[in-house]
Amino acid sequence: MTTWVELEKLQPVATRMLKNSIEKNRMAHAYLFHGPQGTGKKEASLLFAMRYFCEANQETSEPCQSCRACKRIQSGNHPDVHWIEPEGQSIKKGQIEYLQKEFTYTGMESNQKVYILSEAEKMTVNAANRLLKFLEEPSRDTIAILLTDNVSSILNTINSRCQRIQFQSLTYDHLFNQFISEEIPESTANIFAALNLDLNQAIEWNRNTWFAEARRIVIQLIDRVMNPKEEGYLFLHQVWLNHFQERSQQELGIDLLLLWYQDIISYHLDRKDMVVLTDQHSRLEKYQYVLSLGEAKTCVYELLQTKRRLAYNVHNTLAMEHLVLHLQR
Ligand SMILES: [Zn+2]
């Protein structure tokens, strides 16, 4: 289990701000923890909640992590700590209403309550408006913690009612070493570090055959779009779309393609040391002659556009057809 001391090594600024507000007993009613995934937002919200309810340690900012309250929070069943996560694609109005109803009863153990919204950017507009009402009339002992890796998607009205705590990206080397120490192979650890995965997700993906297959399919698509005689379009329909079905999978597919095109650019710039897909040197060597630096940059631009289209809910098949048409040599 993480402690503030450990978290401070990764997130010195965010940790100091939070510890400070705990030590001075000046906690905000609502926090917005924002920053890339895997940067410790969830760990910080857990520590914060544990310290708020800890029965043993109120002298320092560290929770004891062994009292009844700390243990229940760790295992996710403290009656006054509520976690809200997207149901399907979004956090819905009903989930916020349910929370409010729960909160109108006084706390099981005290009047203190903490609620934590993971992926807060996925609130529907109705849910966000409902939450806003909640934030506008804070009860003294209730603390809201909103977590997001996409702060620009949070309504300004909500944003302005929260104390914002920024979580910085972890360095590539830090992530890479973390993954290697978990015995993730080097070529995979490179990809995970480039994708900014948190440790748990990296361990899961390393075990899971879906990700291994995704890597293979990305390379197969590359082989097809790089070769004028091959049909990327056909491969898209026969293989790609079947494998990358959910939104998060579709985004991952694009991210893996992005790594590949960025690696080609590294080759053109004579920066082979920057290559992420270290098991692909022979292909990169070959394809740098098929794709000029300018063309590779255009492909990166197209991939970023595709990500944007997916974020704006353009249908995946359409977005991918458009993409493959542009990538095909
Ligand atoms: Zn405790």
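Reply: Below are short notes on backbone angles and a helix. This is a predicted model, where local features need pLDDT of at least 70, side-chain atom pairs count only at pLDDT 80 or more, and totals for chains, interfaces and linings use all residues. Residues are numbered from 1 along each chain as its sequence is written, and side-chain values use heavy atoms, leaving out hydrogens and water.

Me: What is the phi of Asn25?
Reply: Positive, about 55°, although Asn25 is not a glycine.

Me: Where does Asn25 lie?
Reply: In the loop between α2 (12-23) and β1 (30-34). Helices (H or I, at least four residues) and strands (E, at least two) are DSSP runs, numbered from the N terminus.

Me: Is Asn25 buried or exposed?
Reply: Asn25 is exposed, with a relative accessible area of 61%. Buried means under 20% relative accessible area, exposed over 50%, partly exposed in between (1.4 Å probe, protein chains only).

Me: And what about Glu119?
Reply: Glu119 has a positive phi of about 50° and is not a glycine either. Glu119 sits in the loop between β3 (113-117) and α6 (125-136), and is partly exposed at 34% relative accessible area.

Me: Which residues of α15 are buried?
Reply: Ala296, Cys299, Val300, Glu302, Leu303, Gln305, Thr306 and Leu310.

Me: What covers them?
Reply: The cover includes α13 (247-268) and α16 (316-327), with contact meaning heavy atoms within 4.5 Å.

Me: What follows α15?
Reply: Asn313, with a positive phi near 65°.
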